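User: I would like a close look at one part of this model. Please take the salt bridges and walk me through them.

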Amino acid sequence: MAFFRGVKRRAQALVLPVIFFGLCAYFAHHAMHGTRGLIARDARHVEIAAARIVLAEAEAERDAMERKVAGLRAEHLDRDMLEERARALLNVVAKDEIIIPYPPNRRLF
C-alpha cells in the first residue's frame with residue numbers, strides 16, 4: 001500500500017506541471033506556425049516587399065506617361081514631341097533619318 005501511496009503522491013505532484021507544459025507547448029506552436037504566427041508574418045513581409053516593387057514600377061511607368069502627355073498639352077505644346085508622335089502614328093520618316101529597329105520589349109525611355 002505504501003508503494004501505491006508514493007506513486008499517487010508523485011503523480012499528483014506532476015499533474016499541474018504537465019498541464020502547464022502542455023499549454024505552453026500549445027501556445028508556442030501556434031505562435032510560430034499559426035495563421036498570425038511568426039512564419040506567417042515573415043511571408044506577409046515578403047509579399048508586401050514584392051507589392052512595393054510592383055508599385056514602384058507602376059509609378060515609374062505612370063510618371064513616364066505623364067511626361068510624354070505633358071509635352072502634348074495645349075498650353076505647353078512641345079513641337080518635337082508632337083512631331084515624334086505624328087511620325088510614329090503615321091509611320092513616316094525623313095530622307096536623312098536613320099531607322100534603328102528595337103524589339104517590342106525594350107524601351108528607349
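Analyst: Start with R62, which is partly exposed at a relative accessible area of 44%. This is a predicted model. R62 has a salt bridge to D63, and their closest N and O atoms lie 3.5 Å apart. D63 is partly exposed too, with a relative accessibility of 31%.

Now look at E66. The side chain of R62 also meets that of E66 in a salt bridge, at 3.7 Å from N to O. E66 counts as partly exposed, at 45% relative accessibility.

R62, D63 and E66 are linked in a network of salt bridges. R62 takes part in the bridge with D63 and in the bridge with E66.

Next, turn to another pair. R41 forms a salt bridge with D42. Their closest N and O atoms are 3.8 Å apart. That distance counts as a salt bridge because the cut-off is within 4 Å. How accessible is R41? R41 has a relative accessible area of 40%, so R41 is partly exposed. D42 is partly exposed as well, with 41%.

How many salt bridges does a search of the whole structure find? The search finds 3.

Technical notes
Residues numbered from 1 in each chain as written. Predicted model: local features only at pLDDT ≥ 70, side-chain atom pairs only at ≥ 80, totals over all residues. Heavy atoms only, no water. Buried < 20%, exposed > 50% of the residue type's maximum accessible area, 1.4 Å probe, protein only.
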